[in-house]
Amino acid sequence: MAVKAALIMGLCALLVSATPYQDNGLITIPLRKRASLVKADGTFHYEKAIQHNVKTINKYIQLITNVQRNTGRLPANVTEIRPLAIYSTRANEVSGKLKRQSVSLDGLESDSEWAGLVAIGTPPTTFLIDFDTGSSDLWVPSSACKGCQTKNRYNSASSSTSEEKPGKFNIEYQDGSSSSGPIFTDTVAVGGIKATGQYLAAVTTESSEFEEGTIDGLMGMAFPALSNLGQNPFFVTAFNQKHVSQNVFGFKLAVATAESELHLGGTNTALYEGALEYHKVTSQEGFWQIGGAKAVVNGKTAVSGFQTVIDSGTTIMYGPSSAVKKVYAAIGGAKVFDVENGYYSYPCASPPKLAFSWGGKSWTVSADNFNLGETEENSGRCIGALAGQDVGLGDQVWLLGDSFMKNVYTAFSFEKNSVGFAVLK
């Protein structure tokens with residue numbers, strides 16, 4: 001009972017601190033991160049990391065499927081759509097190096113959500129929503145959702161602006177479960193920005209991960225081509241309806257989550273120094289993807305000429321296995337920790353200086369953001385936040401999640417069709 005009370009109090013504090021506010025005509029959404037791949041004792045949470053790997057792979061398999069359905073083609077360098085990856089409950093047994101441990105409720109929560117408040121309907125119901133630049137749909141639990149009793153739920157019958165649409169939303173997950181349900185349009189508000197007739201899914205089933213966590217649903221912020229619903233994402237709708245003056249939004253994802261925020265309709269210049277360094281989106285398939293990248297280790301280029309997807313819905317960084325092997329070959333003392341899942345370890349006492357560049361500045365990943373924790377207590381070896389993994393986007397595309405984004409201010413501009421970076425203050 002005490003644990004439950006503590007969770008409720010923590011959620012209440014989260015909701016209060018996540019209240020949107022207006023600043024110089026822009027809308028700011030404070031964000032909170034739910035969990036970490038580092039355990040309380042400072043060691044790597046291997047089982048959760050493998051769950052995240054599988055979740056990320058399946059997310060991109062679903063997105064590629066959406067692209068093919070919406071555009072009639074596969075993304076460049078993608079020749080086929082892979083089967084969904086499956087998570088094994090024995091995934092935390094790595095050659096006898098790790099012992100099975102019980103996982104607390106907090107330990108079951110995902111590390112990939114940066115959440116804020118979204119209001120849906122008339123009168124509005126408020127939801128705690130993950131803002132994800134790696135997808136394009138809005139979905140929340142329906143009032144008919146099984147296993148969602150602890151969630152804020154959407155009741156279409158209680159909203160005077162709700163209208164059911166043909167079709168059904170469905171996404172499959174690594175544990176064999178899915179999020180599925182009917183499709184509606186309704187009024188959606190994020191802070192002071194409101195979109196009418198916004199497409200959304202009201203799911204009647206949720207994955208076990210979402211049932212157990214505190215997040216109600218997800219708002220995708222990429223391009224329409226990625227949409228499972230085949231419709232415009234919220235921010236695109238809001239701009240088309242002239243509810244925001246600038247077709248750009250900015251993220252600051254901080255280690256200290258109280259400093260994390262999403263800015264809609266512009267960028268928060270109080271959070272970064274100098275000008276944003278913009279790079280053109282190179283993908284025609286809906287991803288926030290930029291090219292001409294190189295990975296630099298301790299001042300020397302390890303890999304160059306690749307594409308990168310910038311994704312706030314992914315915790316770590318992924319690259320093709322052969323390319324990531326070259327990065328770790330340039331890191332003194334690094335060695336393979338788990339060949340199947342692409343994790344490497346390195347001496348904790350001598351972390352590498354890893355940076356990415358797209359032809360301008362080099363943007364460094366801090367030692368703290370690169371470190372996913374010790375392999376085991378007092379081992380002196382830490383796991384790197386760059387994994388060699390094929391996420392289905394081809395052998396020239398890397399995926400940079402918040403292990404990278406926490407080091408920079410990131411702007412996503414539909415207006416410029418570009419992603420921009422700036423130095424954090």
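**Figure 1. The side chains of Thr28 and His263 are joined by a polar contact of 2.5 Å.** A polar contact is a pair of N or O atoms within 3.5 Å; within protein, one must be able to donate a hydrogen and the other to accept it, and residues adjacent in sequence count only if both atoms are side-chain atoms. Thr28 belongs to strand E2 (residues 26-30); helices (H or I, at least four residues) and strands (E, at least two) are DSSP runs, numbered from the N terminus. With a relative accessible area of 0%, Thr28 is buried. Buried stands for under 20% relative accessible area, exposed for over 50%, and partly exposed for values in between (1.4 Å probe, protein chains only). The model is predicted: local features need pLDDT of at least 70, side-chain atom pairs count only at pLDDT 80 or more, and totals for chains, interfaces and linings use all residues. Residues are numbered from 1 along each chain as its sequence is written, and side-chain values use heavy atoms, with hydrogens and water left out.

**Figure 2. Cys145 and Cys148 form a disulfide.** Cys145 and Cys148 are both buried. The count by this rule is two disulfides. With bonded cysteines counted along the chain, the disulfides follow the pattern 1-2, 3-4.

**Figure 3. A disulfide also links Cys348 and Cys382.** Here the sulfur atoms are 2.0 Å apart. The disulfide of Cys348 and Cys382 is right-handed because the torsion about its S-S bond is about 110°. Cys348 sits in the loop between strand E18 (343-347) and strand E19 (354-357), and Cys382 in strand E22 (residues 381-384), so the pair ties together parts that are 34 residues apart in sequence. Cys348 counts as partly exposed because its relative accessibility is 25%, whereas Cys382, with a relative accessible area of 4%, is buried.

**Figure 4. Lys59 and Asp132 meet in a salt bridge through their side chains.** The N to O distance is 3.0 Å; a salt bridge requires a side-chain nitrogen of Lys or Arg within 4 Å of a carboxyl oxygen of Asp or Glu. Lys59 lies in helix H2 (residues 46-71) and Asp132 in strand E5 (residues 125-132), so that distant parts of the chain, 73 residues apart, are linked. Lys59 is buried, its relative accessible area being 16%. Asp132 also counts as buried, at 2% relative accessibility. A network of salt bridges links Lys59, Asp132 and Asp311. By the salt-bridge rule the count comes to six.

**Figure 5. A salt bridge joins Arg73 and Glu285.** The closest N and O atoms of Arg73 and Glu285 are 3.5 Å apart. Arg73 lies in the loop between H2 and helix H3 (105-108), while Glu285 lies in the loop between strand E13 (272-280) and strand E14 (289-297); the pair therefore ties together parts that are 212 residues apart in sequence. Arg73 counts as partly exposed at 37% relative accessibility, and Glu285 as buried at 8%.

**Figure 6. The side chains of Lys406 and Asp402 form a salt bridge.** The N to O distance in this pair is 3.9 Å. Lys406 has 21% relative accessibility and so counts as partly exposed. Asp402 has 1% relative accessibility and so counts as buried.

**Figure 7. The peptide bond between Thr122 and Pro123 is cis.** Omega for this bond is about -5°. Pro123 lies in the loop between strand E4 (114-120) and E5. Most peptide bonds are trans, and most residues other than glycine have a negative phi.

**Figure 8. Asn378 has a positive phi although it is not a glycine.** The phi of Asn378 is about 60°. Asn378 is in the loop between strand E21 (371-374) and E22. At 74% relative accessibility, Asn378 counts as exposed.

**Figure 9. Asn417, not a glycine, has a positive phi.** The phi of Asn417 is about 50°. The loop between strand E25 (409-413) and strand E26 (418-424) contains Asn417. Asn417 is partly exposed, its relative accessible area being 31%.

How values were computed: Disulfide = S-S within 2.5 Å.
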